[in-house]
Amino acid sequence: MTIDPNALGIPQDALRRLSAMRPGQATSMFTSDLSVNEFLLVREAGFRPLGLVFGSSIYHVGFQAGRWSKNQEMTTLSGAMYHARELAMTRMEAEADVLGADGVVAVRLEIEFKEFGSDLAEFTAVGTAVKADTAAAPDGFGWKPNTGKPFTSDLSGQDFWTLLQAGYAPLGLVMGTCVYHIAHQKFSQSFSNIGQNVEIPQFTEALYDARELAMSRMQAEGEALHAEGIVGVNLLSLPHRWGGHTTEFFAVGTAVRPLRADHSIPTPQLMLPLADR
Amino acid sequence: MTAGSGLPQIALDRIARASASGVRTSLLSVPSAVSAHAVGISPIGEVMGCIVQHIGWQGWAGCGYWGNGFGQVRSTSFGSYQPYVDAVRHGYDTALARLSDEARMLGADGIIDVRITVTHLGRDNHEFVALGSAVRLGDERSGIGNIPKALPVPFLTELPGADVAKLMLHGWMPTSIVYGIALAIRHDDWMTYSQTRSWTNQEVSGFTELTSNVRRQSRRIVTAQAGQKGAGGVLITTSTMRVWEQEPSDGHRDHLAEARMFGTGVVQFPRPGVPKPPRTLNFLPLR
């Protein structure tokens, strides 16, 4: 599948600029927000940076009324958080596709609630588009996943290098989200708990429920990519601006596939650093 | 030496004294200085460039709405705030040029670990300061590859000594500090209005377009500038975005977005006779 950049609202001049940056042309020049360490390691891993790519979506994320005393997922808000992140990711992938990239490394997926409007948040995905020196990965397949789009990964350049050394390749950034409303305690219940150390079962249940939903959705995205596993997973609780009882649980990681049968790396040498950090 | 440099007498005196006495100062940290030394870079003096500038006229060419047939789309116009963007660029450019002048008078090849700060002094006055450590290249300078015996323009980088050393060991050289600043405005039309007040959660396409446009614009400027300076790539070090609203008249609201991107241009150079650096080793730090 190829991405039609025109359908995603990327201005024409951006496309022309990106097309001009295709490697092998006279004007080839890369931009990247990798650190020097990351830049050199990504090159040593056999990839060349092509350009800084980003996607953005400013989204109106309003409120959804939840029942005061009921544990429930706020499906409308979950959907909105998913959709906005997908928009940012897809636009970033489209930029990378125009550059002719095999993948995007060191992706940062961020949300910033804006001061200039109520309930407005900017979702951004920023990364460095890279192209492999070899057309095929060591397992004989291409570098792109089964979607045909460039692979994406939120691993740092260092982790990316280590992953490839160990015989794995990233397939895609996978995520799962669940915005959950945690029920308030009934008055009689909070009254009976006064002076006691007890578990509050409906709170435990709610947090379990929400995290499990987020993780299983991430897992489903990994399965769709035929991944062997997901590495570098972060499981975040993001309160955003919905008050104390409504929280987003967000699981994000990089789905990987094996490149070879053994995954041994040379035993690291021990080193005593002469710096205090 | 002093012609056209625009440096005040006190700066000229300091530089003259430093270059006569040969005292060597720098702003480098110990790891930064040691690793720079490993590739033959030696610090010769700390240098500064500074300008206080009054930015009183931002430019105004409307919000791009009226000439657009009152249509909803593509109402951003980049031309309108050019006086402001030019003024800010002038601030950075002058600070960096004065920094380079001090370094050149010391006989430096380049300036590393450059720190740029902008302080708002009130009443539309802004101070732009660039601080850095002027350095000379050692063996690297004496004719290896494409590096001439003396650099006509000092190379500039925000990267600390360790990063410069790593780049040089792998055949890359920092060339210059490049940056892009872009500012755009967008009128809040009925579409923006309805999207932000809707009962359903949805994308506010006008604002997305505004911020995406300024980011792309600043990336385009960075790339073009680096290309002009002969760099083969840019390592972006900072990237910021600011969005705010203004209400020029009753019931008329616009949003503005400003993106700034700073980075170091790098260029690859052949290193005949220099052995390739060893492949990265696996270490486990004990701490």
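Predicted model: local features only at pLDDT ≥ 70, side-chain atom pairs only at ≥ 80, totals over all residues.
His120(B) stands opposite His126(B), a residue of strand E3(B). Strands E2(B) and E3(B) pair in the antiparallel sense, over 10 bridges.

**The hairpin and its sheet in chain B**

- The hairpin of E2(B) and E3(B) has 2 residues between the strands.
- Look for Arg123(B) in this hairpin, where the residue takes a positive phi near 50°.
- The open sheet has 4 strands in the order E1-E3-E2-E4 (chain B), and its pairing is mixed.
- Which strands are the edge strands? They are strand E1 (42-54) and strand E4 (155-156) of chain B, each of which pairs on one side only.
- Strand E2 (residues 110-122) of chain B runs parallel to E4(B), and 2 bridges join them.
- As a reminder, strands of a sheet pair through backbone hydrogen bonds, either parallel or antiparallel.

**The helix that packs on the sheet**

- H3(B) packs on the sheet and touches E1, E2, strand E3 (125-136) and E4 of chain B.
- The direction of H3(B) makes about 150° with that of E1(B).
- Helix H3 (residues 82-105) of chain B has 24 residues. From its first C-alpha to its last, H3(B) reaches 34 Å, close to the 34 Å expected at 1.5 Å a residue.
- After H3(B) comes Gly107(B), with a positive phi near 80°.

**A pair of helices in chain B**

- The axes of helix H2 (residues 30-38) of chain B and H4(B) come within 7 Å and cross at roughly 20°.
- H2(B) and H4(B) are therefore roughly parallel to each other, and their crossing is left-handed.
- On the H2(B) side, the residues that meet H4(B) are Pro31(B), Ser32(B), Ala33(B), Ser35(B), Ala36(B) and Ala38(B). They meet Gly161(B), Ala162(B), Val164(B) and Ala165(B) in H4(B).
- By class, this contact has 7 nonpolar, 3 polar and no charged residues.

**A pair of helices in chain A**

- Helix H2 (residues 36-44) of chain A and helix H4 (residues 157-165) of chain A have axes that come within 8 Å and cross at roughly 20°.
- H2(A) and H4(A) are therefore roughly parallel to each other, with a left-handed crossing.
- From H2(A), Asn37(A), Glu38(A), Phe39(A), Leu41(A), Val42(A) and Glu44(A) meet Gly157(A), Gln158(A), Phe160(A) and Trp161(A) in H4(A).
- The residues of this contact divide into 5 nonpolar, 3 polar and 2 charged.

**Where the two chains meet**

- How many residues does each chain bring to the contact? Chain B brings 47 residues and chain A brings 43 residues.
- Several elements of chain B each supply at least two residues of the side that touches chain A, among them helix H5 (190-197), helix H6 (205-228) and strand E7 (233-249).
- H6(B) gives the most to that side of chain B, with 14 residues.
- Sorted by class, the side of chain B that touches chain A has 18 nonpolar, 18 polar and 11 charged residues.

Definitions and conventions: Residues numbered from 1 in each chain as written. Chains lettered and ligands numbered in written order. Axes fitted to C-alpha atoms, helices over the stretch in contact; angles between N-to-C directions. Parallel < 35°, antiparallel > 145°, perpendicular 65-115°, else oblique. Left-handed = near helix turned anticlockwise from the far one by under 90°. Contact = placed C-beta atoms within 7 Å. Nonpolar A, V, L, I, M, F, W, Y, C, P; charged D, E, K, R; others polar. Expected span 1.5 Å × (residues − 1). Pairing = 2+ DSSP bridges.
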